[in-house]
Amino acid sequence: MRRLARWLLSGALCGGVSFGAQTQSCALCKDRGVLACRPCATKTCANDRAVLHCSIAQACDECGGVRWLECASCGAAPEIDVARRRAELASWRESTRPIDEFLGRSDLLHLDTAHFRLAFDLKRSPFKTATGPHEAAHRLLELCERSWSEFVADAGVRTEDLTGVTQLFLWGSEKDQERASSKWALERSKSVAKLMGASPVITLCHGKGRVRNESDLERELVHQLAHCLMSCAYKSVWLGGKKAGWIDEGYAHFCELRRMGSVSVWCSLSEEMLEKLEPWKFEAEVARRAAAGEVLELSALSGLDTVALSPEQRLFAWSYVDCVVRAHSGRLGALVRTLQQEKPTSEAIQTALNVSLADFQRDWATWAGATYAVRRR
Ligand SMILES: [Zn+2]
Ligand SMILES: [Zn+2]
Ligand SMILES: [Zn+2]
Ligand SMILES: [Zn+2]
C-alpha cells in the first residue's frame, strides 16, 4: 500500500515526467539504500579510533557489526556495500577462530588495530576508570599503539620498515596462560612470555606473578612491546640474541622509565637475583657511578646477549640507549638496522651515528654529566 501511495504521489501524478530535482521516494532510507542497525544505534565501542575490528561489535545478529542494513523497502542502490563489509568482518572473525578452538573457548574478546591483535580474557577490567572488560580491551590497544608511535619517533624508522603485527594475549587464568605461552610464544610460562621477530607475541597473566595491578600491566606492556617492536623492524632480527643485548634491554628500560618513571622489569634474571636487586633511580645511579669512576663502557657491553647482561650492565645499556635517542635524534633505527646485519657495535656506531666508539663514549660522558645532574630520577 505504501508503495502504491508513493507511486501515486510522485510518478503517477506527474505523468511520469521528472521535474528538476528528484523527489525523495523512500521515507525509510531517504533513498540511501541503507538503514542504520537499530540494536547497534545505542552501542558504540569506547576509544575505537584505532580499532579496526572488535568481536563484541560484530556480535550483532542483525548487522554482523556493519552497523548498516540494506533497505528492504526500496530498490535504491545502497550507499554502503553492506554485503562486502559483512563478508570482510566475517572473514576477520574466522581468522580469530584458531585461538578459540585451541583453547576450547567461545567467549574470548578479540580486537585488532593496524599493528596489534589482542585476545582478551579478563572478566573484570584491569583499569579502574574503564567500565568493564570490553572498554579495557580497547584501552589496552590504545596503549600498544602509543608504544608503536613512540618507537617510530625514537627510531626514525619508516612505517614500511615496521610492518609486523604483534599478537597480544591477556589471561585471567594461569592455566590458559601456560597453554597459550607454550603454543604461541614457544615458552611455557605462568606469568609473562614473549616471542620476538617478524610476528611478535606477548602473552601474560593478570593478577598473578609480577602483573597484579593497573600500573604493573602498563609497565609490563611498555617494556615487552619495546622488545617486540625493535625485533620486528627492518629484517626482523631480535638483537638480544645476536650479541647486541645492550640495545635490546637498554631500549626496553628506556621506554619503561620514560612512561612509568622507574624500572622494575628485568628480563631473564633469576628470582634469586631479582630479590637481591636494589631499586635504583637510574639517572642518579649512573651519575653516581660516573662520578666514582665506575663506568661500564659500551665496548664492554657489546658482544653480549640480553640473558647474559648483569643488572649493572643493563643500567649502563639503558644510559647508552638514552643518549642515542635523546642526543642523536632519529638515529636509533639506523643503529638497529646495522646491528641486525650482525656488525659489531663499534662499526654500527660509526655507520649510524658517524662517530667512532671512543668518541661516542667520550661524548656520552659529557652528555650524561650535564643531563643526569639536573634530572635525577
Ligand atoms: Zn529505502
Ligand atoms: Zn569494541
Ligand atoms: Zn547491529
Ligand atoms: Zn626486557
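Which residues of helix α10 (residues 282-291) are buried? In this predicted model, they are Phe282, Glu283, Val286 and Ala287. Around the helix axis these residues cover an arc of only 130 degrees, which puts them on the same side of α10. An α-helix has 3.6 residues a turn, so residues three or four places apart point the same way. Just after α10, Gly293 has a positive phi of about 70 degrees.

Helix α14 (residues 345-353) can be described in the same terms. Its buried residues are Thr345, Ala348, Ile349, Ala352 and Leu353. Seen down the axis of α14, they fall within an arc of 100 degrees, so they line one face of the helix.

**Domains and their contact**

To the contact between them, domain 2 brings 21 residues and domain 3 brings 20 residues. On the side of domain 2 that touches domain 3, α5 (133-155) and α7 (214-232) each supply at least two residues. The most comes from α7, with 10 residues. By type, the residues on this side of domain 2 are eight nonpolar, seven polar and six charged.

**The pair α7 and α8**

Two packed helices are described by the angle between their axes and the distance between the axes. For α7 and helix α8 (residues 245-260), the axes come within 8 Å and cross at roughly 145 degrees. The crossing of α7 with α8 is right-handed. From α7, the residues that take part are Ser215, Glu218, Arg219, Val222, His223, Ala226, His227 and Met230. They meet Asp248, Tyr251, Ala252, Cys255, Glu256, Arg259 and Met260 in α8. The residues of this contact comprise seven nonpolar, three polar and five charged.

Is Phe151 buried or exposed? Phe151 has 23 other C-beta atoms within 10 Å, so it is buried; the cut-off for a buried residue is 20 or more. Phe151 and Gln177 are 26 residues apart in sequence, and their C-alpha atoms are 27 Å apart in space.

**Positive phi in loops**

Most residues other than glycine have a negative phi. Leu186 has a positive phi, near 55 degrees, and is a residue other than glycine. Ser268 is not a glycine either, and its phi is positive at about 55 degrees.

| Residue | Loop |
|---|---|
| Leu186 | between α6 (174-185) and β7 (192-195) |
| Ser268 | between α8 and α9 (271-276) |

How many other C-beta atoms lie within 10 Å of Leu186? There are 11, so Leu186 is exposed, the limit for an exposed residue being 12 or fewer. Ser268 has 13 C-beta neighbours inside 10 Å and therefore counts as partly exposed.

Methods:
Residues numbered from 1 in each chain as written. Chains lettered and ligands numbered in written order. Predicted model: local features only at pLDDT ≥ 70, side-chain atom pairs only at ≥ 80, totals over all residues. Contact = placed C-beta atoms within 7 Å. Helix = DSSP H or I, 4+ residues; strand = E, 2+ residues; numbered from the N terminus. Nonpolar A, V, L, I, M, F, W, Y, C, P; charged D, E, K, R; others polar. Arc of directions from axis to C-beta. Axes fitted to C-alpha atoms, helices over the stretch in contact; angles between N-to-C directions. Left-handed = near helix turned anticlockwise from the far one by under 90°.
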